[in-house]
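Here are my notes on the model you sent over.

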Amino acid sequence: MKIGKLTVVVLGVVSSVVACGGPVRIEPTEDSARAANQTGEMRTTLKHYNLGAEAAGNDQNLAARESFLKALETAPEHPALIMRAAAVEAELGNSAAAVAWLERYAALGGIADLAAIEVFGTLREVEGYAVVAAAIAANDRPPAPADIVVTLNDAHLWPEGIAFDRMTGDLFVGSMSENKIVAIRAVGIVEDFGASAGDGLLNVLGMTVDENRRHLWACMGLGSDEFQSDGERRRNGVVRYDLETGRLLARYDLEDDGINRLLNDVIVAADGTAYVTESHHGSVYRIEPGSETIEHFRFFPELNYLNGIELSPDGERLYLAAVEGIFALVLAEDRVVKLGHEEGVSTVSADGLCLAGSSLFAVQNQPRLGFRTMRFDLDDSGLGIESASVLPAGLPEGLIPYTCAAGDGEVFVNGTGPLNLMDTEGVPANPVVIRIPI
């Protein structure tokens, strides 16, 4: 869930795999494809995005257009790519094509200050430009403010993950900087959870409550967020706590295999199996009940930056957030589909996911979409989106949403300063948790 180098490289995070419409299958991969990916090779969408950005930077606009169009074949609803396509068409003098891309961008809810983008100055007299510019400006209205559950007094806590205990009404957030978990009790007390501050935790990321066993699970990691950057690989692990006592029950450290990984989010099935996303190399890991180790479960060669994870109520589908959009892994069939939806809907670059009834909620950490929190109402198959809406999840200035947790008739979202400012000298705004009625 942490927004690392990937986010910066692609204007917030980019996307890959299939177009709008019905569910689309991703075929199983060959061992050779997996081997290539394990060396750190970028997957299709990001690869073509970066090639396009490099070409555009060198005024090679025809080559840039070719690369952006290839990326859009696998990420047709990603606003950062669409904006790039519009800009390069404007550079090439293809005004009508540029306006058409901007119309698509506006329909997805994209925001931008077009007046500040020099190349679009050539479009001011083009038919349709004034209308689409007004639509994009209208998209930039701030969301209605949400009810603040708590403002955390520690500005340097940097909470990224959040979890909710339906039995007690307690909330939990994990600290990226102080390597601990904080409990926000339903009675109004905010306190360190158990002995987490002294348990040798790393930066705490995604979290979940296993209500059946009264356990709290959390991902953790420490080190560079970039592949083999400065010679230091990330350390990663998952921890499991007793909710009642705060006692650390188990720690599952990921073995260092020479590849820089990022364990990001976790969900637990009814039988106690934990599933964990790994962002840098497109994998899901698994911890089986009674096991003392974490094992590789499934590799997704075409997906960039797997992030949030959820499980359908019947336990049949894992929902996965990626740069490319939201996908479902049908466990019994080992089949992966992108959630189908109508045109004008974008599921890209979600961070946290949570499920309430037949509605999937997603925090889209994408600046081109205004860092919004979305509700996606699923169809009976659980593989398609019937309707989509932006939630009233406005945060205090200086904060952006990261992850979410579903309660009874409400969704909780944590608001934190941009994590790329964590190592700077500035003092961030105090983090908050908001409540959104659903």
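1. Let's start with a loop residue. Threonine 122 counts as exposed because its relative accessibility is 53%; the scale used here calls a residue buried under 20% relative accessible area, exposed over 50% and partly exposed in between, with a 1.4 Å probe and protein chains only. Threonine 122 sits in the loop between α6 and α7. Alanine 90 is 32 residues away from threonine 122 in sequence, yet their C-alpha atoms are 7.3 Å apart in space.

2. A word on ground rules. This is a predicted model, so local features need pLDDT of at least 70 and side-chain atom pairs count only at pLDDT 80 or more, while totals for chains, interfaces and linings use all residues. Residues are numbered from 1 along each chain as its sequence is written, and side-chain values use heavy atoms, with hydrogens and water left out.

3. The overall picture: the protein chain has seven helices and 25 strands. Both are DSSP runs numbered from the N terminus, helices being H or I with at least four residues and strands E with at least two. Of the chain's 438 residues, 56% count as buried. Take the contacts between residues at least 6 apart in sequence, and 57% of them join residues at least 24 apart; contact here means heavy atoms within 4.5 Å.

4. How do α5 and α6 pack? Their axes come within 8 Å and cross at roughly 165°. (Axes are lines fitted to C-alpha atoms, for helices over the stretch in contact, and angles run from 0 to 180 degrees between N-to-C directions.) The two helices are therefore roughly antiparallel; the cut-offs are under 35 degrees for roughly parallel, over 145 for roughly antiparallel, 65 to 115 for roughly perpendicular, and oblique for the rest. On the α5 side the contact uses Pro79, Ile82, Met83, Ala85, Ala86, Glu89 and Ala90, and on the α6 side Ala97, Ala98, Trp101, Leu102, Arg104 and Tyr105. By class that gives eleven nonpolar, no polar and two charged residues. (Ala, Val, Leu, Ile, Met, Phe, Trp, Tyr, Cys and Pro count as nonpolar, Asp, Glu, Lys and Arg as charged, and the others, Gly among them, as polar.)

5. Helix α5 (residues 79–91) also holds leucine 81. Leucine 81 counts as buried, at 0% relative accessibility. Leucine 69, twelve residues away in sequence, has its C-alpha 8.6 Å from that of leucine 81.

6. Now the next helix pair. α6 (residues 95–107) and α7 (residues 129–139) pack at about 25°, with axes 9 Å apart, which makes α6 roughly parallel to α7. Val99, Leu102, Glu103, Tyr105 and Ala106 of α6 meet Tyr129, Val132, Ala135, Ile136 and Asn139 of α7. The tally for this contact is eight nonpolar, one polar and one charged.

7. Two strand residues are worth a click. Threonine 373 lies in strand β21 (residues 372–378) and is buried at 2% relative accessibility. Leaving out residues up to four places away in sequence, its contacts include Val363, Val390, Leu391 and Ile436. Proline 143 is 230 residues from threonine 373 along the chain, with 9.4 Å between their C-alpha atoms. Glycine 161, in strand β3 (residues 159–165), is buried at 0% relative accessibility. Its C-alpha is 9.2 Å from that of asparagine 264, 103 residues away along the chain.

8. Check the backbone at two spots. Most residues other than glycine have a negative phi. Aspartate 334, however, has a positive phi near 50°; it is in the loop between β17 (325–330) and β18 (335–338) and is partly exposed at 39% relative accessibility. Phenylalanine 371 also shows a positive phi, about 50°. That residue is in the loop between β20 (359–364) and β21, and is partly exposed at 28%.

9. Which cysteine sulfur is closest to that of cysteine 404? It belongs to cysteine 354, 3.1 Å away, which is too far for a bond. A disulfide is called when a pair of cysteine sulfur atoms is within 2.5 Å, and by this rule the count is zero. Cysteine 404 is buried at 6% relative accessibility, and cysteine 219 is buried at 0%.
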